[in-house]
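Open the model in your viewer and keep the selection panel at hand. The tour below goes stop by stop.

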Amino acid sequence: MKAAAFDYIRPETLGAAITLLTRHGPDAKLIAGGQSLLPALNLRLSAPGLLIDIGRLAALRGITLADRTLHIGAGCTHAQVMTHPLIQRHAPLIARALADVAHPAIRARGTFGGSLANADPAAELPACALALDAVMHAQGPAGPRRIPAAEFFTALFETALAPDEVLTGVDIPIQGDTQWGFAELARRTGDYAMVGLAAVARPGTIRLGWFSVGQTAILAHRAAATLTEGGPLEAACTALADDLPAHDDPQASAAMRLHLARVLLRRVVGAWGGR
Amino acid sequence: MTSITLTVNGEPITATIPARLHLADFLRDHLGLTGTHLGCEHGVCGACTVRLDGAIVRGCLVLAVQADGCTVETIEGVSDSGEVADLQHAFAARNALQCGYCTPGMVLTAQDFLLHAPADADRAAIREHLSGNYCRCTGYEAIIDAVETTLNARRTP
Ligand SMILES: Cc1cc2nc3c(=O)[nH]c(=O)nc-3n(C[C@H](O)[C@H](O)[C@H](O)COP(=O)(O)OP(=O)(O)OC[C@H]3O[C@@H](n4cnc5c(N)ncnc54)[C@H](O)[C@@H]3O)c2cc1C
Ligand code: FES
Ligand code: FES
């Protein structure tokens, strides 16, 4: 189908984008890569009056490393992030996860920030942000603020961003001796997963970020605590029943999903050895 | 209505268009470049694949206004320049198309694979790269064969 009519504007600066967003309120929508928004418009699931294109803003670009923190601009495309040497070296989890996001033609346009702001419960990057303990940078009319990933994904397709805030970038703390793992089960390459896991072990903490398990990406706290305390992998698998919501959908029943989640946990943490 | 200027298959184009017009409809309806096909119009099938500033994209998921200032190449462009002549020949030789509806998108995606293929690329890598392009009648075996044939031929000096 074709999208309903809308106006379009491509502001030159982030400040101008925020001013427009504030002035037009709920009738306006930001467009970054458009790889989630344009399907929704073409299917007429959404019909905003104005699209504000932030896709070319230099302020949202760039991947940098400083003070043991990796900063990823919200406007970097999936393809740019996936192939960037700093990401491959310091956040290989993200490069690996992005290989399972859609297809090359979609990764050429879709953005890192767009995926996080979209907060699809089946998306890979929100779970990675949780597992890596990322910090979101938002900017609105009142100025910049930071939001920990653990407080960012609030409900189905909803985040802690205010309606007039733009996600500008993401900080990822880099720590030595990090072990990581990623696995998802999808029926076809590039499809959204039936269930997926992004896991990170740092000195003293293990974080297990899950996607396609409910209304938002979530951290499995009990299973992670079991592993952090040196407990056996099977005990962590048992604890998963309390961590994951019982989520039925046409892709998988809750029982099947829990079973598959345990398969993934065994694969990922089993590969770390020692348990 | 918005005015845009872009390069399509090497030709400078200026047009005034509604914002909601996507790039594939712009190419087809405004420029008469009907080699770019439309299947699903929500990003799933790959029939609308074109090159935008050198990277393959979904023509149905880019607004024409977003292509302002950019370089677009369609199947007509890469076909006329001879860039994909060997690949097209391999498709024909292996019967890798029946109705041909998916073929422009397949050829552009396959060419993208061939341009960036690592030295150890194999059939699995071809499958992975083409996984976002649907063919509803030929089946994938012959298409993968045609791409593999071209990969091997281009590797041979
Ligand atoms: C066929 C297909 C398959 C896909 N498969 C997957 C998959 O397997 N896994 C996956 O994770 N994704 C998948 N995607 C989605 C893809 O990853 C998108 O690129 C991503 O979800 C959104 O990024 P975008 O830049 O395109 O955002 P847009 O579509 O431009 O925007 C999405 C939403 O986020 C808002 N937004 C965008 N940027 C910002 C910002 N900086 N600040 C505040 N709000 C913002 C927009 O207003 C909009 O509401 C798929 C898409 C398609 C079409
Ligand atoms: S028509 Fe664009 S992906 Fe199907
Ligand atoms: S040849 Fe008919 S859809 Fe592929």
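Predicted model: local features only at pLDDT ≥ 70, side-chain atom pairs only at ≥ 80, totals over all residues.

Residues are numbered from 1 along each chain as its sequence is written, chains are lettered from A and ligands numbered from 1 in the order in which they are written, and side-chain values use heavy atoms, with hydrogens and water left out.

**Stop 1: the interface**

Select chain B and chain A together. They bury about 2,300 Å² between them, with 53% of it on carbon and sulfur atoms. Buried area is the accessible area (1.4 Å probe) that two parts lose on being put together, summed over both. Now pick B:Arg20, B:Leu61 and B:Gln66. In chain B these lose the most area to chain A, together 29% of what that side buries. The contact (heavy atoms within 4.5 Å) takes 31 residues from chain A and 27 residues from chain B.

**Stop 2: salt bridges across it**

A salt bridge here is a side-chain nitrogen of Lys or Arg within 4 Å of a carboxyl oxygen of Asp or Glu. How many cross the interface of chain B and chain A? The rule finds three; over all chains the structure holds 19. Show B:Glu41 and A:Lys2: the closest N and O atoms of this salt bridge are 2.7 Å apart. Next, show B:Asp68 and A:Arg10, whose side chains meet in a salt bridge at 3.3 Å, N to O. B:Asp68 sits in the loop between strands S4 (55–58) and S5 (71–73) of chain B, and A:Arg10 in the loop between strand S1 (7–9) and helix H1 (14–24) of chain A, so the pair joins two chains. Helices (H or I, at least four residues) and strands (E, at least two) are DSSP runs, numbered from the N terminus.

**Stop 3: H4 and H6 of chain B**

Select residues 103–116 (H4) and 140–155 (H6) of chain B; these helices pack at an angle of about 40°, with their axes 11 Å apart. Axes are lines fitted to C-alpha atoms, for helices over the stretch in contact, and angles run from 0 to 180 degrees between N-to-C directions. That angle makes H4(B) oblique to H6(B). Angles under 35 degrees count as roughly parallel, over 145 as roughly antiparallel, 65 to 115 as roughly perpendicular and the rest as oblique. Show side chains: among those in contact are B:Met106 and B:Phe113 from H4(B), and B:Ile143 and B:Leu151 from H6(B).

**Stop 4: H4 and H5 of chain B**

The contact includes B:Met106 and B:Phe113 of H4(B), with B:Ile126 and B:His129 among the residues of H5(B).

**Stop 5: H10 and H11 of chain A**

Move to chain A and select H10 (residues 233–243) and H11 (residues 254–270), whose axes come within 10 Å and cross at roughly 150°. H10(A) and H11(A) are therefore roughly antiparallel to each other. Look for A:Leu240 in H10(A) and A:Leu265 in H11(A), both among the residues that meet here.
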